[in-house]
Amino acid sequence: YKTEPMKLWNKVKEFKNNHFTEYHNAHKNGKLRFLGSTALSISQYTGFENSVIMGSEPFAANIAFFKDFGMKAMEICEKKGMTRELCGYSKCVWGAEFMNENILPDGTKLEEWGKPDFASAFSLAPCHCKWFQILCENADAPMYLYDLPKAYPYNDENLVNYMTGQMLAHISAMEETFDQPYIDELFIEAAKNEIKAYDMWTQIMLLNQNIPAPMDEKTMFSFIVPNLTRPYDPATYEFMKELRDEVQDRVDRGIAAVANEQFRIITDAIPPWPALELYRYLENEYGGVVVGSPYVICLCGCWKFENDEGDLIPCPTPMDLGMPMTTREETARALCWYRSHFSTETPYNIACGEVLHELTLKIAKQWKADGGMLHQNIGCTMQALGSLESRNAVAEAGIPCINYEGNDADVRD
């Protein structure tokens, strides 16, 4: 197949580095730092005019990507008695905190780790809230911890009410902490931008069902960053529209991510960030292109099953459904409803483990996979949960599938 580089590649790299730099320079510029789990919505911080917001998962993944720095972070945690099997992301950020050092996406070393003025986490993984509790207690920073009992397809009215109540309480707690007004209009606009940007990602992912695939998963890992770190910004939605148009153009012209596409592969979880060369090895040696996974497809888009037996389809947006979003309360409810579908990492939630294998199988079929290589991620117990069942579901449907053991953050694994 014909192939060519992504035109927006340099732009997304610049976007990422600029945002990380803005976060680290926030205090120099008289602004507040907010560090939050991307699993619910970091747009809830935008009601403060002087906020600079960082998603905790990309914050940790950036540390893990740099093998030497990530290894230093792991080792200092282990010297303090933290064991190998603990969450890899947690140890990346704790290690940076203990060293009071960090690193930008372009490799620039920083002499301060990035202490937040307020942080929040979501009880998505077994240790997500513990990650933030230890982080904030050591940093003497205020925090708010969310409880997530379940998610799609169990996101009934009770769940949405429960999550909405927590979001509103979180906003009130921040108002009290900073003794400054929270501007609802900023939050409302930010939430709408986030929803539109997430919806655009679903359109991009559907285009990758094409043969040949216009994008490979390793490339997607860079293009998810705007939605994970700055979804509230109208510039992110505009970027996602540009990306949609570029991917559509590649489909129309038959441009492949991998010129020698012979086998289409799915994965399922956070990749081993210190070993992303695995993807290029598959491409170069076997013509194997990774076309998607529950992780990258759902990470910054919202999805649902069409019906009990149906395909995976984009979730309609609150705006599509005419949900009111004119007040803080209405906006929080609409956002919680939307993001409680297959979004970010909610498919891996303990309460929803039994549906993860259904999601994985749907992706394998709809993205026309010839096989699966599922990551038994020992650096994230949440994502390892259900991986074996997902492998069985895909294999029993006649699609060859294996598990491989690795770690999202620890280069030793």
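Which residues does H357 touch, not counting residues up to four places away in sequence? In this predicted model, the residues touched by H357 under that condition are E389, S390 and A393. H357 itself lies in helix α14, which spans residues 353-366. With a relative accessibility of 25%, H357 counts as partly exposed. Between H357 and G95 the C-alpha to C-alpha distance is 34 Å, and the two residues are 262 positions apart in sequence.

The axes of α6 (residues 157-178) and α13 (residues 328-339) come within 9 Å and cross at roughly 130°. This angle makes α6 oblique to α13. The crossing of α6 past α13 is right-handed. On the α6 side the contact is made by E157, V160, N161, M163, T164, M167, L168, I171 and E175, and on the α13 side by R328, E329, A332, R333, L335, C336 and W337. Nine of the residues in this contact of α6 with α13 are nonpolar, two are polar and five are charged.

In the second pair, α1 (residues 9-24) and α2 (residues 56-65), the axes come within 12 Å and cross at roughly 105°. The helices α1 and α2 are therefore roughly perpendicular to each other. Helix α1 contributes K16, F20, Y23 and H24 to the contact, and α2 contributes P58, F59 and N62. By class, the residues of the contact between α1 and α2 comprise four nonpolar, two polar and one charged.

R328, which takes part in the contact of α13 with α6, also forms a salt bridge with D184, in which the closest N and O atoms are 2.8 Å apart. Because D184 lies in helix α7 and R328 in helix α13, the pair ties together parts that are 144 residues apart in sequence. R328 is buried, at 12% relative accessible area, whereas D184 is partly exposed, at 23%.

The count of salt bridges comes to 22. Among them is the pair of E277 and K67, with the closest N and O atoms 3.5 Å apart. This pair links distant parts of the chain, since E277 is in helix α11 (residues 277-286) and K67 is in helix α3 (residues 67-79), 210 residues apart. E277 is partly exposed, with a relative accessible area of 47%, and K67 also counts as partly exposed, with 36%. E4 forms a salt bridge with K7, and the closest N and O atoms of that pair are 3.4 Å apart. In this case E4 is partly exposed, at 26%, while K7 is exposed, at 59%. A network of salt bridges links E78, R84, K91, D410, R412 and D413.

Several backbone features occur in loops. I211 and P212 are joined by a cis peptide bond, with omega about 0°. P212 is found in the loop between α7 (184-207) and α8 (217-223). D179, a residue other than glycine, has a positive phi, near 50°. D179 is placed in the loop between α6 and α7, and with a relative accessible area of 70% D179 is exposed. A positive phi of about 55° is found for K368, which is not a glycine. K368 is located in the loop between α14 and β13 (371-377). At 38% relative accessibility, K368 counts as partly exposed.

Terms used. Residues are numbered from 1 along each chain as its sequence is written. This is a predicted model: local features need pLDDT of at least 70, side-chain atom pairs count only at pLDDT 80 or more; totals for chains, interfaces and linings use all residues. Side-chain values use heavy atoms; hydrogens and water are left out. Axes are lines fitted to C-alpha atoms, for helices over the stretch in contact, and angles run from 0 to 180 degrees between N-to-C directions. Helices (H or I, at least four residues) and strands (E, at least two) are DSSP runs, numbered from the N terminus. Angles under 35 degrees count as roughly parallel, over 145 as roughly antiparallel, 65 to 115 as roughly perpendicular and the rest as oblique. A crossing is left-handed if the near helix is turned anticlockwise from the far one by less than a right angle, and right-handed if clockwise. Contact means heavy atoms within 4.5 Å. Ala, Val, Leu, Ile, Met, Phe, Trp, Tyr, Cys and Pro count as nonpolar, Asp, Glu, Lys and Arg as charged, and the others, Gly among them, as polar. Buried means under 20% relative accessible area, exposed over 50%, partly exposed in between (1.4 Å probe, protein chains only). A salt bridge is a side-chain nitrogen of Lys or Arg within 4 Å of a carboxyl oxygen of Asp or Glu.
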